Amino acid sequence: MMITGDDMNFGELKAKLKKGNMSQLYLLYGEESYYIEKGEKAILAALFPNGYNVEDVQIVDGNISINEMISMIETVPFFSAKNVIVFRDAAIFKAAKRATEDEEDRGNTKKKDPAETRLCSLFANMPDFSVVIFEVRGRADKRKKLFKEFSQYAQIMEADAVKSYGVGDWLHGKLQEIHKNMNSEAHGYFLQAVEMMDKVSLGFLDKELDKLALFMGSEQREITKELLVQVFSDIPEIDGFAMNEAIGQQDVKRALFLFKKQQDKGVYIVAIIGQLAYYVRKLWQTKTMLKKGLRGGQLGKAIEINHPYVVKKYERECQSFSEATLKKALLALADADLAVKTGRGYPAQIEEIIIELCGKEG
């Protein structure tokens, strides 16, 4: 059957599978390994609704030759009704380095690879007993003729890397999966904590929430901020988040302790400066927008924060600082960042900024 259309995300693939809209060819590619793994599991669950054994699915290194690949796809299964093959890290779809114009000209005149031609023909005429899942961690090269041929007969899912601002949708689905909910304070804390992470790993978050669900048991349904603090306590970025919270509460002792704790854990001081600068900038933006009369959703949009609890938190915390203090701190952080990067910086500079921010004022 010929299949056309844009590449799907995981939710769209799952919806298709639920409706029984299956294919014999799949490609799962992209930067987010978590969704590639989820996509594979969803396809296998649809193929084997009653469960499957290890021998029912062949997991293969995708760097094998095309001829070997063809042979595997065409082999009649002996121990199962289906010949299900997962080609991990499928080289045939990987993006290659961009060719120069001369190289492209030579490539266009190059003779067609007979093995590749056979594979294209196989895609169009798959044996009834075979189902193939190709996986690529990273970008797939859609310019390749092989990809264009394949895409006519396959279902293709792209697993985009998830940014911190997009994790809310994932969290909603995950909470449904583990049969838990978060109160507003916990939800806001979660989104802010994730925002502090250098790189969002859904795989990590998924496992941590699974562990939290097991710890809570089936009776306790609501995830509180206190529980999340325990879950995230070992993540270096969270100490930075906690330090910012301490500054917002003008708790200088705790703020300095958390600053030192990050250094003891080996967190690069430039990263600490960056997190603190982000926080100070948001406080300054909030204070400025409040003076213009913005509140609620309008304020959130202006400072690029979606969660109402987080907006309220910035609104509340910015009251403890004058615009002059925030401006001075931001300039001092810029100087400290430059000093560190040029080998002239020292931790005491950041400590001085923290102490000044924690000074009582209105």
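This dialogue works through selected features of a predicted model.

Student: What kind of model is this, and which pLDDT limits apply?

Tutor: The model is predicted: local features need pLDDT of at least 70, side-chain atom pairs count only at pLDDT 80 or more, and totals for chains, interfaces and linings use all residues. Residues are numbered from 1 along each chain as its sequence is written, and side-chain values use heavy atoms, with hydrogens and water left out.

Student: How many residues does helix α11 have, and what distance does it reach?

Tutor: Helices (H or I, at least four residues) and strands (E, at least two) are DSSP runs, numbered from the N terminus. The expected span of a helix is 1.5 Å times one less than its number of residues. Helix α11, residues 236–248, has 13 residues and reaches 19 Å from its first C-alpha to its last, close to the expected 18 Å. After α11 comes Gln 250, whose phi is positive, near 55°.

Student: Is α11 mostly covered or mostly uncovered?

Tutor: Buried means under 20% relative accessible area, exposed over 50%, and partly exposed in between, with a 1.4 Å probe and protein chains only. In α11, 11 of the 13 residues are buried, so by this definition the helix is mostly covered. Among the buried residues are Ile 238, Phe 241, Met 243 and Ile 247, and also Asp 239 and Glu 245.

Student: Which helices cover the buried residues of α11?

Tutor: Contact means heavy atoms within 4.5 Å. The covering elements include α8 (184–195), α10 (225–232), α12 (252–264), α13 (269–291), α15 (308–317) and α17 (347–357).

Student: How is strand pairing read, and in which sense do β2 and β3 pair?

Tutor: Two strands pair if DSSP finds at least two bridges between them. Strand β2 (residues 57–61) and β3 pair in the parallel sense over five bridges, and Ile 59 has Val 86 in β3 as its bridge partner. With helix α3 (residues 66–74), these two strands make a right-handed β-α-β unit. A crossover is right-handed if, with the strands pointing away from the viewer, the path from the first strand over the helix to the second runs clockwise.

Student: Which residue in β4 is the bridge partner of Phe 87?

Tutor: The partner in β4 is Phe 134. Strands β3 and β4 also pair in the parallel sense over five bridges. As for cover, five of the six residues of β3 are buried.

Student: How many bridges join β1 to β5?

Tutor: Four bridges join strand β1 (residues 25–30) to β5, and the two run parallel. Tyr 26 stands opposite Gln 155 in β5. Strand β5 (residues 155–159) is mostly covered, with four of its five residues buried.

Student: How many salt bridges are there?

Tutor: Side chains of opposite charge can pair when their charged atoms come close. A salt bridge is a side-chain nitrogen of Lys or Arg within 4 Å of a carboxyl oxygen of Asp or Glu. By this rule the count comes to 23. One of them joins the side chains of Glu 135 and Arg 88 at 3.2 Å, N to O. This pair links distant parts of the chain, 47 residues apart, with Glu 135 in strand β4 (residues 130–137) and Arg 88 in strand β3 (residues 83–88).

Student: Why does Glu 135 count as buried?

Tutor: Glu 135 counts as buried because its relative accessibility is 0%, whereas Arg 88, at 32%, counts as partly exposed.

Student: At what distance do the side chains of Lys 174 and Asp 210 meet?

Tutor: Lys 174 and Asp 210 meet in a salt bridge at 2.7 Å, N to O. The pair links helix α7 (residues 167–177), which holds Lys 174, to helix α9 (residues 202–216), which holds Asp 210, 36 residues apart. Lys 174 is buried at 1% relative accessibility, while Asp 210 is partly exposed at 29%.

Student: How many aromatic pairs does the structure hold?

Tutor: Rings of Phe, Tyr and Trp (its six-membered ring) pair if their centres lie within 6.5 Å; planes under 30 degrees apart count as stacked, over 60 as edge-to-face and the rest as tilted. The structure holds 15 such pairs. Phe 123 and Phe 150 form one that is edge-to-face, at 5.0 Å centre to centre with 75° between the planes. Phe 123 lies in helix α5 (residues 114–124) and Phe 150 in helix α6 (residues 145–151), 27 residues apart. Phe 123 is buried at 2% relative accessibility, and Phe 150 is buried at 0%.
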